[in-house]
Amino acid sequence: MTDSADTWRDRLSEYLDEALEDSERSELEEHLEGCEECRETLVELRQVVARAGKLVDAPPARDLWPEIAYRIRETEEGERHESRAGTAEAGSSLAGRHGRSFTFSVPQLAAAAVTLVALSSGIAWQIAGGFSARQAEPAVPVAQAPAQTNLLLASRIANNDYESAIAQLERVLNVGRDRLDSATVRKVEEKLALIDKAIDEARQALSADPSNAYLNRYLVGTMRRKLDLLRRTAALTEL
Amino acid sequence: MVPDTDLDSQDAALAAEGDSGAFERLYRRHVARIHGLARRMAGPDDADELTQDAFVRAWQKIAQFRGEAAFGSWLYRVAISVILGHRRRLAIHRERTAPEEWNREGRPSHERSSEIGMDFDTAIERLPARARHVFVLHDVEGYKHHEIARMLKITAGTSKSQLHRARMLLRATLA
């Protein structure tokens with residue numbers, strides 16, 4: 001290919017997008033008449049653009065809404081929690097920012113709980129696999145379990161798997177700590193301190209009201225945040 | 001039948017008041033497109049998480065949605081901001097650990113494939129990051145070069161050259 005062909009070939013996308021000045025377009029068309037390689041390239045570029053326009057957007061393999069709903073609720077609750085100096089409150093309707101009243105239906109809460117438990121057990125499973133699998137899979141079949149069973153399961157996970165998962169992650173972090181910059185380490189430590197404080201408060205509240213479903217979910221959610229933060233930070237040490 | 005854009009406007013207004021049911025309906029109508037964007041921009045491993053992040057961010061900002069543009073366009077901008085922010089955070093960490101250009105998480109650009117007959121979506125995922133972002137935003141999503149330049153903090157000229165680079169690399173998948 002000649003230098004001239006190289007030059008014009010680099011302009012073929014602009015030609016295709018009708019972004020060339022009239023004079024340039026005329027020159028390029030003149031070049032195309034005598035350059036088979038550029039003509040072929042132009043045909044291929046047209047095909048690439050056509051295929052891009054026909055791509056189909058498939059929905060995700062799993063429903064992401066329960067986790068989104070949970071995170072939204074957690075965010076709203078967290079902000080309120082902070083604004084009230086750490087007072088944990090139970091309820092199914094929370095006054096969010098901008099004066100919004102954020103409400104969930106019972107089915108939405110149940111779905112969020114199912115997902116939460118699945119994620120918690122999935123994270124524990126993932127840690128046990130040494131971070132080799134990116135796709136979290138529940139270690140136990142919880143998707144069809146009723147909400148009450150899920151809460152019990154959450155409690156079991158919290159009591160049994162959680163501490164060992166946290167310990168494993170902390171070991172990974174200690175080994176890889178030097179690979180993170182000091183600002184990141186400081187930020188993570190600050191977040192961990194806040195999460196630990198929230199966990200302590202939730203546990204205290206639960207000791208006075210052990211059957212409170214909302215507090216149970218709040219505790220598991222906060223513990224999941226800690227796992228998630230540690231997991232993400234540990235992954236950064238491997239980059 | 002009520003057009004989706006009207007339904008979106010109604011549900012966005014309800015969601016801004018805290019109606020999670022309305023927000024869930026918005027999620028159901030738009031999740032495939034947002035997930036597709038996340039998958040193509042950041043790769044399949046991060047697509048679920050980024051989709052969640054985008055909808056959580058949209059919920060946090062929905063009071064700012066004034067209805068001048070379609071809700072889908074607004075949501076798309078939010079998602080792009082989330083995805084590019086994720087990319088920038090990763091890049092900061094890689095600067096010290098990997099001097100070569102990375103096309104996406106965990107995969108250096110020299111691995112980009114010229115495999116004949118590769119799935120088109122996979123081929124897009126394997127493009128170098130900048131070329132991939134420009135290609136997805138321009139050829140898949142229909143943004144103009146000046147808009148892409150603003151989003152990616154590059155010049156319109158760079159956007160054009162990266163688009164051409166991406167298209168040239170993707171020709172290999174046509175066979």
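The model is predicted. Chain A has 239 residues, and chain B has 175. Together the chains bury about 4300 Å² between them.

**Chain A**
- Chain A holds nine helices and two strands.
- Along the sequence, the order of elements in chain A is α-α-α-α-α-β-β-α-α-α-α.
- Buried residues account for 44% of chain A.
- Take the contacts in chain A between residues at least 6 apart in sequence: 64% of them link residues at least 24 apart.
- Chain A has an accessible surface of about 12800 Å². Carbon and sulfur atoms supply 50% of that surface.

**Helix α8 of chain A**
- Helix α8 of chain A covers residues 182-208, which is 27 residues.
- At 1.5 Å a residue, α8(A) should span 39 Å.
- Several residues of α8(A) are buried, including A:Val185, A:Val188, A:Leu192, A:Ile195 and A:Ile199.
- The buried set of α8(A) also includes A:Thr184 and A:Glu201.

**Chain B**
- Chain B holds eight helices and two strands.
- From the N terminus, the elements of chain B run α-α-α-α-β-β-α-α-α-α.
- In chain B, 57% of residues count as buried.
- For contacts in chain B between residues at least 6 apart in sequence, 60% join residues at least 24 apart.
- The accessible surface of chain B is about 7600 Å², with 50% of it on carbon and sulfur atoms.

**Helix packing in chain B**
- Helix α2 (residues 20-42) packs against helix α6 (residues 129-140) in chain B.
- The angle between α2(B) and α6(B) is about 145 degrees, and their axes are 8 Å apart.
- On the α2(B) side, the contact involves B:Leu37, B:Arg40, B:Met41 and B:Ala42.
- On the α6(B) side, B:Arg132, B:His133, B:Val136, B:Leu137 and B:Val140 take part.
- By class, this contact has six nonpolar, one polar and two charged residues.

**Where the chains meet**
- The size of an interface is often given as the accessible area lost when the parts come together.
- Of the area buried between chain B and chain A, 55% lies on carbon and sulfur atoms.
- In chain B, the residues that lose the most area to chain A are B:Gln52, B:Trp59 and B:Arg167. Together they make up 14% of what the chain B side buries.
- The contact draws on 52 residues of chain B and 49 residues of chain A.

Conventions:
Residues are numbered from 1 along each chain as its sequence is written. Chains are lettered from A and ligands numbered from 1 in the order in which they are written. This is a predicted model: local features need pLDDT of at least 70, side-chain atom pairs count only at pLDDT 80 or more; totals for chains, interfaces and linings use all residues. Side-chain values use heavy atoms; hydrogens and water are left out. Axes are lines fitted to C-alpha atoms, for helices over the stretch in contact, and angles run from 0 to 180 degrees between N-to-C directions. Helices (H or I, at least four residues) and strands (E, at least two) are DSSP runs, numbered from the N terminus. Contact means heavy atoms within 4.5 Å. Ala, Val, Leu, Ile, Met, Phe, Trp, Tyr, Cys and Pro count as nonpolar, Asp, Glu, Lys and Arg as charged, and the others, Gly among them, as polar. The expected span of a helix is 1.5 Å times one less than its number of residues. Buried means under 20% relative accessible area, exposed over 50%, partly exposed in between (1.4 Å probe, protein chains only). Accessible areas come from the Shrake-Rupley method with a 1.4 Å probe; for residues, only the protein chains shown count as cover. Buried area is the accessible area (1.4 Å probe) that two parts lose on being put together, summed over both.
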